Amino acid sequence: MTSSYRITLLPGDGIGPEIMAVTVDVLKALGRQLDLSFEFQEALIGGAAIDETGEPLPQETLTRCQESDAVLLAAIGGYKWDTLPRQQRPETGLLGLRAGLGLFANLRPATILPQLIDASSLKREVVEGVDIMVVRELTGGIYFGTPKGVFATETGQKRGVNTMAYTDSEIDRIGKVAFETAQKRRGQLCSVDKANVLEVSQLWRDRITTLAANYPDVTLSHLYVDNAAMQLIRWPKQFDTIVTGNLFGDILSDAAAMLTGSIGMLPSASLGADGPGVYEPVHGSAPDIAGQDQANPLAQVLSAAMMLRYALDQPMAADRLEKAVTKVLDQGYRTGDIMADNMTRVGCKAMGDALLSALEG
Ligand code: IPM
Ligand code: MG
């Protein structure tokens, strides 16, 4: 029997439409092979939505996402919209999507592929074997805390304010996801905070420590965020699963991503308590190379693999897609961001064609 899935596609801005097009072709081919039927519907988000409707997350987009089995997002943002007021910026659309779908847990794996070790800026012995999962809280912390805004003071100055806040239930639910993730991996969880300075972090640390009692098979450690940043670069292999708040997770997940050579390779999943998750590459919209057929579509394709595995419960299809990615790398195909000596440089579309052949083979 054919399994049928409703997938909302959010190509967004910059290189988004190019990498999404490749991914949809690949999913269609995979669907034909494995008798999966995808009902794709495209919706607007980010700058593309601003241009068309005046707002970065039209209600129609949110409704479509809510009604689908999973959401595949490419990337949002670009120079063109950088000077708009905050409510009309592409990033506000992305944050609205996360909040609107209740996606409090963001899973960002940083796994080094043997074929790409030399693309890392760090030494081979430091990065070989790196396999980290960053579990980032995504709908709380300083991104959403109030009060926020730019206010006039009594002395006539302007004062910009954001608030880093977490309730204990917000910490507990992301903590639970993180402990369960660590259980399925190597059983080590490192919680990252700034408890030496911030009250919100002290609460974070206390709650995570309390939760640990429920997971005797997981070894919990704590690091301050500055030290964690340093340790990630110094000896990344000490990490298995990392759990942290929204802002620290934003920063550390970029650092972890770069260990693997290119942020252009890394997928992510954003999940809520129920309802559809959003699957998207960790990288952004790369406006500098948009429309030039230079983008690396592999993080988007690997995000689709995460979607198949976690949202659609199609592990075989996910495996097949991941194997196709490994195969094209073994064959020496490289986009500019992961190019190395003696490899074959290809553009976004040609990488897509290579993936299609790899799937057929
Ligand atoms: C990310 C991005 C976003 C974030 C931006 C685009 C709002 O950097 O997904 O990491 O800060 O969360
Ligand atoms: Mg980021």
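**Working chat: a buried Asn, a sheet and a ligand**

Biologist: Which residues does Asn246 touch, not counting those up to four places away in sequence?

Modeller: Asn246 touches Arg136, Glu137, Leu138, Thr139, Gly140, Tyr143, Phe144 and Tyr166, with residues up to four places away in sequence not counted. Contact means heavy atoms within 4.5 Å. This is a predicted model, where local features need pLDDT of at least 70 and side-chain atom pairs count only at pLDDT 80 or more, while totals for chains, interfaces and linings use all residues. Residues are numbered from 1 along each chain as its sequence is written, chains are lettered from A and ligands numbered from 1 in the order in which they are written, and side-chain values use heavy atoms, with hydrogens and water left out.

Biologist: Is Asn246 buried or exposed?

Modeller: Buried, because its relative accessible area is 1%. The cut-offs are under 20% for buried, over 50% for exposed and partly exposed in between, with a 1.4 Å probe and protein chains only.

Biologist: What polar contact does its side chain make?

Modeller: The side chain of Asn246 makes one with the side chain of Arg136, at 2.8 Å. A polar contact is a pair of N or O atoms within 3.5 Å; within protein, one must be able to donate a hydrogen and the other to accept it, and residues adjacent in sequence count only if both atoms are side-chain atoms.

Biologist: Which residues are around ligand 1?

Modeller: Arg136 again, along with Glu91, Leu94, Arg98, Arg108, Tyr143 and Asp250. The cut-off is a heavy atom within 4 Å of the ligand. Polar side-chain atoms lie 2.7 Å from a ligand oxygen for Arg98 and 2.9 Å for Asp250. An N or O atom in the side chain of Arg108 is 2.8 Å from an oxygen of ligand 1.

Biologist: Back to Asn246. Where is it?

Modeller: In helix α9. Helices (H or I, at least four residues) and strands (E, at least two) are DSSP runs, numbered from the N terminus. Helix α9 covers residues 246-259 and packs on the sheet, touching β4, β5, β8 and β10. Its direction makes about 160° with that of β5; axes are lines fitted to C-alpha atoms, for helices over the stretch in contact, and angles run from 0 to 180 degrees between N-to-C directions.

Biologist: What is the strand order in the sheet?

Modeller: The sheet is open, has 10 strands and mixed pairing, and runs β2-β1-β3-β12-β11-β4-β5-β10-β8-β9. Strands pair if DSSP finds at least two bridges between them. β8 and β10 run parallel and are joined by four bridges, one of which pairs Leu189 with Thr241.

Biologist: New topic. Which residues touch the most other members of the largest nonpolar core?

Modeller: Ile7, Leu27, Leu72, Leu308, Leu321 and Leu355, out of 46 residues. A core is a set of buried Ala, Val, Leu, Ile, Met, Phe, Trp, Tyr and Cys residues joined through side-chain atoms within 4.5 Å. Leu355 touches several residues, among them Val22, Val301 and Val328. Val22 is in helix α1 and counts as buried because its relative accessibility is 8%.

Biologist: Where is the cis peptide bond?

Modeller: From Thr146 to Pro147, with omega near 0°. Pro147 is in the loop between β5 and β6.

Biologist: What is phi of Ala286 and of Asp293?

Modeller: Near 40° for Ala286 and near 55° for Asp293. Most residues other than glycine have a negative phi. Ala286 is partly exposed at 23%, and Asp293 at 31%.
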